[in-house]
Amino acid sequence: VNQHTDVQVEIYFTCADGRLLYNGTVSRGSTGSELYRLAASVIGLQVPLQVTLGKGTVRPDQSQVLLQYSESERCTCSIHWKQRRESELCDAPGSEAECSQQLLEFVKHRQWHAAQDLLQKHACPDVLLQTAACQEVLSWAAYSAGGAGPFGGRWPGTSLMPGALEFMWEVLRCAPRLARTKSSESLFLPLHDAAWGRAPFAVAVALLAVHPEALE
């Protein structure tokens, strides 16, 4: 087996029923603990979880479980968590904080279709977008729409990612004030975060349609 650990391998995270939650790249030398941290960020919940790879369970330790994979192979992990069924995550009372964190994690990982699906299925998307975590959603979306960002992203961004602009328009429709809200992380308006990530021109057009004063 090739023992080089600096090779990037493609990884897919699915939930127990097979739905895709995340895909990206990770180092071939990633440890079990690192995969658990990534899995926790993917579901956006602080709950006990289990990660499986093939027929075995990944242990949250320093074992390098991806060494068997080559750069051209796809690795699929399944995430299991038990406190609530996945279908109940955004329906249960008091779950807005959990949903907003999950939405933010989807955006940071550039999972645009999953993010839009979560937002559209929420009973009160405008209320969800008022939560603390969601104050960063539009800025992250603007920055990452062209592929920039962590978790397997690149910088600068290039072409518009499928689903990114549609998700941004949904956010702007539900919470137009977010176009005027500076990120607490970058201290930029979403338009300026888009420029920093070298997002495609269509992203700037969408943001300026809602908040043209951002050019001043």
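**Notes on the predicted model**

1. Aspartate 117 is partly exposed, with a relative accessible area of 35%; here buried means under 20% relative accessible area, exposed over 50%, and partly exposed in between (1.4 Å probe, protein chains only). The model is a predicted one, in which local features need pLDDT of at least 70 and side-chain atom pairs count only at pLDDT 80 or more, while totals for chains, interfaces and linings use all residues. Residues are numbered from 1 along each chain as its sequence is written, and side-chain values use heavy atoms, with hydrogens and water left out.

2. Aspartate 117 forms a salt bridge with lysine 121, at 3.4 Å from N to O; the term denotes a side-chain nitrogen of Lys or Arg within 4 Å of a carboxyl oxygen of Asp or Glu. Both residues belong to helix α3 (residues 112-121), where they are four residues apart, about one turn of the helix. Helices (H or I, at least four residues) and strands (E, at least two) are DSSP runs, numbered from the N terminus. An α-helix has 3.6 residues a turn, so residues three or four places apart point the same way. Lysine 121 is exposed, at 62% relative accessible area.

3. The buried residues of α3 are Trp112, Ala115, Gln116, Leu118 and Leu119. Viewed down the axis of α3, these residues fall within an arc of 160°, so they line one face of the helix; the arc is that of the directions from the helix axis to the C-beta atoms. The face turned away from the buried side of α3 carries the exposed residues His113 and Lys121.

4. The structure has three salt bridges. In one of them, arginine 173 meets glutamate 170 at 2.7 Å, N to O. Both lie in helix α6 (residues 164-174), three residues apart, about one turn of the helix. Arginine 173 is exposed at 58% relative accessibility, whereas glutamate 170 is buried at 12%. Another salt bridge joins arginine 59 to aspartate 61, with 3.4 Å between the closest N and O atoms. Arginine 59 is exposed at 54%, and aspartate 61 is partly exposed at 26%.

5. Strand β3 (residues 49-53) is largely enclosed by the rest of the structure, because four of its five residues are buried. It pairs with strand β5 (residues 74-81) in the antiparallel sense over five bridges; two strands pair if DSSP finds at least two bridges between them. The bridge partner of leucine 49 in β5 is tryptophan 81.

6. Strand β4 (residues 56-57) runs antiparallel to β3 and is joined to it by two bridges. Threonine 52 has threonine 57 as its bridge partner in β4.

7. Which residues does tyrosine 36 contact, leaving aside its neighbours within four places in sequence? They are Leu49, Gln50, Val51, Thr57, Val58, Arg59 and Pro60, contact meaning heavy atoms within 4.5 Å. Tyrosine 36 is part of helix α1 (residues 32-43) and is buried, at 14% relative accessibility. Its C-alpha atom is separated by 8.2 Å from that of leucine 49, 13 residues apart along the chain.
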